[in-house]
Amino acid sequence: MSDLPFTLDQLRILKAIAQEGSFKRAADSLYVSQPAVSLQVQNLERQLDVPLFDRGGRRAQLTEAGHLLLSYGEKILSLCQETCRAIEDLQNLQGGTLIVGASQTTGTYLLPRMIGMFRQKYPDVAVQLHVHSTRRTAWSVANGQVDLAIIGGEIPGELSESLEVIPYAEDELALILPVFHPFAKLEKIQKEDLYKLQFIALDSQSTIRKVIDQVLSRCEIDTRRFKVEMELNSIEAIKNAVQSGLGAAFVSTSAIAKELQMGVLHCANIEGVVVKRTLWLIFNPNRYRSKAAEAFSREILPQFANPGWNQDVLILAQKTIVVSTLDGATPISSGEG
């Protein structure tokens, strides 16, 4: 193996430069000097006998060969991290790492509660929460960078065969109004009343906005007729705007529990309409599942899931993974321990 033309450190440097866009920022992120980064890249290019970066522009741009090496390099680094975590599980059952992914709403309002409960039971386990778009989160799970994730959007079609996607819970979307709005005095409002309101919404290109529009459309509510007076980039900003009397909005009920308890927002009931969307649990069945991930799946996930979901968790915990060895393949039950 000594004739490999690159090292893991060089792959890490290549990945950092691609992410940061410059040699200097990559060096800062890796806590090394810029000359050290430049030297490693020069050595790598000499060993491969091919240029990896186009040095003509201000931003470090990968060549075709650079993109190819980065693609394989990320897989190699991901497997290295997975290997270390598997060994860590064998050596220290009381420690380990749990990496959970989430889309914006679930990551802001649901996962922190779940992780808090998990940390109370397993204070020695290091927990990371990665909150990104559904698409980016799904790719992170597929690539083995995240153990499991709970998302509310649609999984990219190209990942449908790589990921296990399971209905996890129902998330109700609520119509919130200022407490002093005339509709707040009504027991129920009609669908047609929605078109009289001024709405505050997320940016039209945001994944959450698209999901909300799709769910409302299934309830025969035409969001194209909404008078959207303002677009904001966060749910917290939307809640504050509604509270201040600037309009109405549809948000997840998980995002407004505190405000409803304090009485600073009104949740309106729409005649004959309950707006819900499905939250999905996703994981990669072909990746190593740490004991921390198993404990989280077994002990925490059922507490927030749909009724009857418990059985699915038990089935998942018994899936078998295969760890490659020099002599062949050894099956290891991921449900042990």
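Predicted model: local features only at pLDDT ≥ 70, side-chain atom pairs only at ≥ 80, totals over all residues.

User: Okay, helices first. How do α2 and α3 pack, and how far apart are their axes?
Analyst: Helix α2 covers residues 23-30 and helix α3 covers residues 34-48; their axes are 8 Å apart, at an angle of about 110°. Angles of 65 to 115 degrees count as roughly perpendicular, so that is what α2 is to α3.

User: Which residues in α2 and α3 meet?
Analyst: On the α2 side you've got Phe23, Lys24 and Ala27, and on the α3 side Gln34, Val37, Ser38 and Val41. Sorted by class, that contact of α2 with α3 has 4 nonpolar, 2 polar and 1 charged residues.

User: What about α5 and α10, at what angle do they pack?
Analyst: Helix α5 (residues 104-121) packs against helix α10 (residues 291-299) at about 110°, and the axes are 11 Å apart. α5 and α10 are therefore roughly perpendicular to each other too.

User: Is the crossing of α5 and α10 left-handed or right-handed?
Analyst: Right-handed, as α5 passes α10.

User: And who's touching whom there?
Analyst: From α5 it's Leu111, Met114, Phe118 and Lys121, and they meet Ala292, Ala295, Phe296 and Glu299 of α10. The residues of this contact divide into 6 nonpolar, no polar and 2 charged.

User: Switching topic: which residues of α8 are buried?
Analyst: In helix α8, residues 235-243, the buried ones are Ile235, Ile238, Lys239, Ala241 and Val242. They sit on the same side of α8, because they cover an arc of only 165° around the axis.

User: Why would residues a few places apart point the same way?
Analyst: An α-helix has 3.6 residues a turn, so residues three or four places apart end up pointing the same way.

User: What comes just after α8?
Analyst: Gly245 is there, and it takes a positive phi of about 90°.

User: Last one. Where does Ser162 lie?
Analyst: Ser162 is in the loop between β5 (148-151) and β6 (164-177).

User: How accessible is Ser162?
Analyst: Its relative accessibility is 30%, so Ser162 counts as partly exposed.

User: What's Ser162 in contact with, leaving aside its neighbours within four places in sequence?
Analyst: With those neighbours set aside, Ser162 is in contact with Asn284 and Pro285. Ser162 and Asn284 are 122 residues apart along the chain, yet 6.5 Å separates their C-alpha atoms.

Note on methods:
Residues numbered from 1 in each chain as written. Heavy atoms only, no water. Buried < 20%, exposed > 50% of the residue type's maximum accessible area, 1.4 Å probe, protein only. Helix = DSSP H or I, 4+ residues; strand = E, 2+ residues; numbered from the N terminus. Arc of directions from axis to C-beta. Axes fitted to C-alpha atoms, helices over the stretch in contact; angles between N-to-C directions. Parallel < 35°, antiparallel > 145°, perpendicular 65-115°, else oblique. Contact = heavy atoms within 4.5 Å. Nonpolar A, V, L, I, M, F, W, Y, C, P; charged D, E, K, R; others polar. Left-handed = near helix turned anticlockwise from the far one by under 90°.
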